[in-house]
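Welcome! Have a look at the chains first, then try each task before reading on.

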Amino acid sequence: MGLNISAAVQIRALADTPLPELPALLVPALGETLAMVGIVMLVVVSLGTPIAVALHNMAPGGLFEHRGTYSVLSWIVNIGRSLPFLVLMAAIVPFTRFVTGTNIGIAAAVVPMSLAGIPFFARLVENCLRDVPRSVTAAARASGGSPLQIIRTAQLGEAVPAILGGLTINTIAMIEYSAIAGTIGAGGIGYVAVTYGYQRFDQTVMLATVLLLIAMVTIVQVGGDALVRATTPHLRRRA
Amino acid sequence: MISLKNLTKVYGHGDSAVTVLDGLDIEVATGQILAVVGPSGAGKSTLAQCINLLERPTSGQVIVNGEDLARLPERRLRVARRRIGTIFQSASLLSRRTAAQNIALPLQYLGVTPAETAARVAELLERVGLSHRANHYPFELSGGQLQRVGIARALALRPSVLLSDEATSGLDPETTRSVVALLRQLRDDLDLAVVFITHEMDTVLHVADSAARLEHGRIAEQGSLVDLLTDHDSILGRALQPQLSSADPAAGSRAWHVTYDSRSVPADWLQRISTDLGEPAALLAATIQSIGGTSTGNATVGLRSPERLAAAAFARYGLRAVPRAADPHPSTPATRATEELQWA
């Protein structure tokens, strides 16, 4: 037994990556993570926003109230929100392979991440739109605005700071998902953390990836907060 | 000018249908201000939404300058709506746009060029007295200033009808007065027909030329302010009169509640009645004001003379007088009406 333990310690010690080699390992991984999260967020914002606008305006009191379509759309969004990401990722492998032709790598990770991110973002934005006073939409209608003009100026325009807050939350969630996607060989920081830190007990890499993830999330949060301040008149003036 | 003909709004269908507005007929001529008052639930906000056609009436017509807007298809309705400027209760400005940018909104929707928009906005800011606040955001403006921005925005497309939906509710009395004065000024300068929906009775006296009382979705009463105030049987006219708590009459004399019942009450009626009855008349409470050049108001007068003689003296000068009962809080028709109309 004693021999076994010392062998294990030996292996672990041997596996630790020397510090100078860390950048070569982490920089490409960081690039992959940024690419994944970047592509996903692009898809999430461009599809999640219209869904949120549709949900908000088909709900009772909206610009084009339609109870039936609202219920169906809302139900679909709820399904997307119900599955834990790991389960969703596994469940849609055939779909992912159909779309991307593969079930490993960045392309394969983007599909489940987008599918999880779109309903998440749609609900966040729907909430932001609901917080805009109804009278603002009424005033825009009375000012002769078309539905598209009203949505752009009085709904999305008014909700911009709140939406940016939601975007921050959503981006951080996607960084987290990208790490989970690392387990199916998506690459990125998550993949490095799993293969080196978890499977090979490489404490140096483990610690480095943890610090890198903390740094990324912090930068996103601080950047998001700054954007919220910059787009909110009363916060901007006081600063 | 704007006229509503047999305007009806029903929400829901079949058994659950609720008739909120029931065959309203209202007409406001150019240069006139009509106040619409009524208790909450009477249909005031639905009426507002039917006038600017944010809600389509179930039946009836909304005629602005000779054209019925109620049946226009949605696209043309959007254009037609520009003839009606709306001022909302909370000015409902875009919080991320400056005062000038908020006023520019209807022009921007219409597709007016930036240069023309800038010129028009400057003119509107000047008109509502806010040129020095052009680049301020809503959070930097007072309640009265916000409402002025709302008024300027409502006027941006040169409407012929202005709809004020509880625009002064929630403002302090002084701000209310200045907003009301601005509305009257604009009415004169721009030849607007103004529909002023409110639940504040004292504002009605300051702003309106005529008033309509909405009750359970119907117009219960409607007329010029002077007619309402000089009509003893008008519930609305009584409710518009300030309620006074009067002093008690001297022992042996009787208190009379006197209201101006005609347009020709002489200003020195109290003196004349004293002379006619040969006794000094005691003034226990009074409020008299000029509405559209006619004196209106009410007073409480203490007299020793016999009831028949005193009543005749009052009638001679166009006053309606009711002896006040010994009960310190009599439930005369007038006070009952007022209690019914005390909503605020």
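**Exercise 1.** Find how many disulfides the rule counts over all chains.

*Solution.* Begin with the rule: a disulfide is a pair of cysteine sulfur atoms within 2.5 Å. Cys128(A) is buried at 9% relative accessibility, and Cys50(B) is buried at 0%.

Two notes before going on. This is a predicted model, in which local features need pLDDT of at least 70 and side-chain atom pairs count only at pLDDT 80 or more, while totals for chains, interfaces and linings use all residues. Residues are numbered from 1 along each chain as its sequence is written, chains are lettered from A and ligands numbered from 1 in the order in which they are written, and side-chain values use heavy atoms, with hydrogens and water left out.

**Exercise 2.** Describe the interface of chain A and chain B.

*Solution.* Step one is the residues in contact (heavy atoms within 4.5 Å): chain A gives 26 residues and chain B gives 25 residues. Step two is the buried area, meaning the accessible area (1.4 Å probe) that two parts lose on being put together, summed over both. Between these chains that area is about 2,100 Å², with 55% from carbon and sulfur atoms. Step three is the count of salt bridges (a side-chain nitrogen of Lys or Arg within 4 Å of a carboxyl oxygen of Asp or Glu); between chain A and chain B the count is zero.

**Exercise 3.** Is Ser114(A) buried or exposed, and which residues does Ser114(A) touch?

*Solution.* Ser114(A) has 7% relative accessibility, so it counts as buried. Leaving out residues up to four places away in sequence, Ser114(A) touches Val40(A), Val43(A), Val44(A) and Pro119(A).

**Exercise 4.** Where is Phe201(A) found, and what is the phi of Phe201(A)?

*Solution.* Phe201(A) sits in the loop between helix H9 (188-198) and helix H10 (203-231) of chain A. Its phi is near 50°, a positive value in a residue other than glycine. To finish, Phe201(A) is partly exposed, at 48% relative accessibility.

Methods
A polar contact is a pair of N or O atoms within 3.5 Å; within protein, one must be able to donate a hydrogen and the other to accept it, and residues adjacent in sequence count only if both atoms are side-chain atoms. Buried means under 20% relative accessible area, exposed over 50%, partly exposed in between (1.4 Å probe, protein chains only). Helices (H or I, at least four residues) and strands (E, at least two) are DSSP runs, numbered from the N terminus.
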